[in-house]
Amino acid sequence: MIRSPLITVITDAVMKASRALKRDFGEVENLQVSRKGPGDFVSAADRRAEQILREALEKARPGYGLVLEEGGVVEGTDKSHRWHVDPLDGTTNFLHGVPQFAISVGLEREGQIVAGAIYDPIKDEMFIAERGKGAYLNNRRIRVAARSDMADALVGCGMPHIGRGDHGRFLRESSVIMSHAGGLRRFGSAALDLAYVACGRLDVFWERDLNSWDMAAGIVLIREAGGFVSDTEGGSNPIETGTIACGNETLHRELLRLLKSAPR
Ligand code: IPD
Ligand code: CA
Ligand code: CA
């Protein structure tokens, strides 16, 4: 387990926000049956969790900037540090009462992601990583899976939906992947998908149209777990392009090759 002051700051903030989120998830299950549905309630839950995270992070590290999904960019006086915060990743799951969502917090220092946590409050799974110190799930060190054959691999992906992304391109890419992979999954929380690659549950993952708060913590987790992360073209900065491809060295390379072979 990493016991650094930085990881303590992140996990304390995340645990505090997760208590509110978990309470609200219980309420969502009751609201499913109402005609209006839980939409407005979930937006409020999302904002509440973000407010808790923001206050805790600002108190512990005054001056750091923030990139918040709901609140936008908050400039800090310290120009070399900023947090990337997703208070609720997997909103659609949360809204429908599906227990697969997480809080994700990553810290960028001088353009590099140096620490992060992804927490699943339902399974009580805390994924943490700090640059040079390894990646952990609760108290256990984690590593990416060692499989080297795509035919055995469990592949995670993100799927576009109404009003979002390039549907045709996703169909062409997933069709290529399907004919080579052992299985394909769409779980609905990109942050947790990345955490699952870090601990070897998923062998590889790719998605387009993501934001920095979806990926920041996951990127440091996978690298510290011995994995490879790039954008979908193989470039080194997923946050700049908003696309991500990851896995162990061999399967990451194979994933990039397959994506490239898909008709445009
Ligand atoms: C979404 C989830 C989802 C991914 C979407 C994201 P949100 O984040 O990570 O898995 O496919 O692209 O926007 O909206 O639930 O925070
Ligand atoms: Ca979110
Ligand atoms: Ca998200």
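## Ligand 1

A polar contact is a pair of N or O atoms within 3.5 Å; within protein, one atom must be able to donate a hydrogen and the other to accept it, and residues adjacent in sequence count only if both atoms are side-chain atoms. In this structure, a backbone N or O atom of leucine 88 lies 3.1 Å from an oxygen atom of ligand 1, glycine 188 places a backbone N or O atom 3.1 Å from an oxygen atom of ligand 1, and for serine 189 the corresponding distance is 3.3 Å. Taken alone, ligand 1 exposes 380 Å², of which the protein buries 87% (accessible areas come from the Shrake-Rupley method with a 1.4 Å probe, and for residues only the protein chains shown count as cover). Ligand 1 is surrounded by 14 residues, the closest being Asp89, Gly90, Thr91, Ala190 and Glu207, where a residue is near a molecule or strand if one of its heavy atoms lies within 4 Å of it.

The model is predicted, with local features requiring pLDDT of at least 70 and side-chain atom pairs counting only at pLDDT 80 or more, while totals for chains, interfaces and linings use all residues. Residues are numbered from 1 along each chain as its sequence is written, chains are lettered from A and ligands numbered from 1 in the order in which they are written, and side-chain values use heavy atoms, with hydrogens and water left out.

Donors are N, O and S atoms within 2.8 Å of the metal (3.2 Å for Na, K and Ca), and water is not among the atoms, so sites may look incomplete. The calcium ion (ligand 2) has Glu69 (OE), Asp86 (OD) and Leu88 (O) as its protein donors, at 2.1 to 2.4 Å. Glutamate 69 belongs to the loop between strand S1 (64-68) and strand S2 (72-74), and aspartate 86 to strand S3 (residues 78-89), 17 residues apart; helices (H or I, at least four residues) and strands (E, at least two) are DSSP runs numbered from the N terminus.

Asp86 (OD), Asp89 (OD) and Asp214 (OD) coordinate the calcium ion (ligand 3) at 2.1 to 2.2 Å, with the sequence spacing D-x2-D-x124-D. Because aspartate 86 lies in strand S3 and aspartate 214 in helix H6 (residues 212-224), this pair ties together parts 128 residues apart in sequence. The two calcium ions are 3.7 Å apart, and aspartate 86 coordinates both.

Buried means under 20% relative accessible area, exposed over 50%, and partly exposed in between (1.4 Å probe, protein chains only). Aspartate 86 is buried at 1%, whereas glutamate 69 is partly exposed at 30%.

## Salt bridges

A salt bridge is a side-chain nitrogen of Lys or Arg within 4 Å of a carboxyl oxygen of Asp or Glu, and by this rule there are 14 salt bridges. Arg169, Glu173, Arg208, Glu233 and Arg264 are linked in a network of them. Arginine 208 is buried at 17%, while glutamate 233 is exposed at 53% and arginine 264 is exposed at 60%.

## Serine 230

Serine 230, in strand S12 (residues 228-230), is buried at 3% relative accessible area. The side chain of serine 230 makes a polar contact of 2.8 Å with the side chain of histidine 252.
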